[in-house]
Amino acid sequence: MRNVYTVKQVNAYIKNMFTQDFMLNRIYVKGEVSNCKYHTSGHIYFSLKDESGTIACVMFAGSRSGLSFRMQEGQQVVVLGAVSVYERDGKYQLYAREIILDGAGLLYERFEALKSELAQMGMFAQEYKQPIPKYVKTVGIVTAPTGAAVRDIINIAARRNPYVRLILYPAQVQGDGAADSIVRGIQMLEKKKVDVIIVGRGGGSIEDLWAFNEEVVARAIFDCLVPVISAVGHETDTTIADYVADMRAPTPSAAAELAVYEYLGTASAVREYELALRKLMGQRISRERERAKQAALKLKLKHPRQKLLEKQQRLADLRQRTAFLMEAALQDRRRRLELYIEQMKGCSPLAKLNQGYSYVENAGGKNVKTVSQVQAGDVLKIYMTDGYVRAAVREITEVKPDGGKYK
């Protein structure tokens, strides 16, 4: 039996074929707007038609940023989008991402091609962007000498800071020769060594702004050593110059706000900084003075004279202590000597003699302690308190320990 597919499978297969087709994923379609309806959801449903046919289109609310005008019946437009299949109805339609009025279609293609080329070359890279100086003295302006753009820049700059110098290069910003005029203005102001350059003009159609989409202008901005602020058109207008510039301002007025610092606010901030600085300086001076006092005190304490006085005082203390210790030791020695004298007095023979005792020696000068050491007829020398006598032994009598006499 042959293979049988559901409607869903067939629609999904066809949608997949559309998805794989590279050309249909990014395609420009030109035609007349018909059956245009703005839905309450924010989506826009419409058709594009020409003499040979019609194609259904939808722009979802999330893509509305790609539409800078309100669509109306009968308008000739160029739609950038992708063709795919809506599976539920089995119909293909164009899902729009950007819509521009016809006449600008070819220019838009050129714009996208140059944008892609310069992006691949790195001219839009953030690392090449120069910072805008915060406090500028001179601002260069490349724009038409008449018109709202230059008036807005002058008025806002004067209001924010009347002391900032403005140098205007009256450039041609539209028509033949406009790109070269803008390039000359950038180069001249760079030689003048201004602090920042504003390049811009008022809003307009893509044809009116085309000079700022030229490659020569993009390269002049990229090569400029002075920071460049682009201020082309209104907020919804975007040019190649905006991508290359160091900073993009949505309007010329905003460019003046970005380039020129507000004098009154800065002056007020400077006064606040001055007060804060004075306060910090006062605190620092107080701290340093206190440190100086402490250092002077330490120096005084560590001065050789102070050290000498300390040593002299210590020497005097040591002398006094030594004298005290010596006196104490001497007193102690005196007491001990007196004690020894008293003890010696008790052992002195003279003291014994003074107590009524006597000292006896034989003829050989030996002390006679017992009667056994003498014989009758021996001559003895008897010492007494005030002298001695010689005596001859006539009789010897022994005395017993108990006091009795030997027979």
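Reader: How many salt bridges does a search of the whole structure find?
Author: A search of the whole structure, which is a predicted model, finds 11 salt bridges.

Reader: Which residue does arginine 159 pair with, and how far apart are the closest N and O atoms?
Author: Arginine 159 forms a salt bridge with glutamate 257, and their closest N and O atoms are 3.0 Å apart. This pair links distant parts of the chain, since arginine 159 sits in helix H4 (residues 148–160) and glutamate 257 in helix H8 (residues 252–259), 98 residues apart.

Reader: And is arginine 159 buried or exposed?
Author: Arginine 159 is exposed, with a relative accessible area of 53%, whereas glutamate 257 counts as partly exposed at 33% relative accessibility.

Reader: What about aspartate 332, which residue forms a salt bridge with it?
Author: That partner is arginine 335, and the closest N and O atoms of the two residues are 3.8 Å apart. Both arginine 335 and aspartate 332 lie in helix H10, three residues apart, which is about one turn of the helix. Aspartate 332 counts as partly exposed, at 29% relative accessibility.

Reader: Changing topic, which residues form the positive surface patch?
Author: The positive surface patch is formed by Lys298, Lys302, Lys307, Lys311 and Arg314. Helix H10 (residues 304–347) gives the most to this positive patch, with three residues.

Reader: Where is lysine 298, then?
Author: Lysine 298 has its place in helix H9 (residues 263–301), and this lysine is exposed, with a relative accessible area of 53%.

Reader: Last one, on helix H6: which of its residues are buried?
Author: In helix H6 (residues 215–223), the buried residues are Val217, Ala218, Ala220 and Ile221. They cover an arc of only 165° around the axis, so they lie on the same side of H6.

Notes:
Residues are numbered from 1 along each chain as its sequence is written. This is a predicted model: local features need pLDDT of at least 70, side-chain atom pairs count only at pLDDT 80 or more; totals for chains, interfaces and linings use all residues. Side-chain values use heavy atoms; hydrogens and water are left out. Patches are made of residues with over 30% relative accessible area and no salt bridge: like charges are joined within 9 Å, nonpolar side chains (Val, Leu, Ile, Met, Phe, Trp, Tyr) within 5 Å. Accessible areas come from the Shrake-Rupley method with a 1.4 Å probe; for residues, only the protein chains shown count as cover. A salt bridge is a side-chain nitrogen of Lys or Arg within 4 Å of a carboxyl oxygen of Asp or Glu. Lys and Arg count as positive and Asp and Glu as negative; His and the chain ends are not counted. The place of a charge is taken as NZ of Lys, CZ of Arg, CG of Asp or CD of Glu. Helices (H or I, at least four residues) and strands (E, at least two) are DSSP runs, numbered from the N terminus. Buried means under 20% relative accessible area, exposed over 50%, partly exposed in between (1.4 Å probe, protein chains only). The arc is that of the directions from the helix axis to the C-beta atoms.
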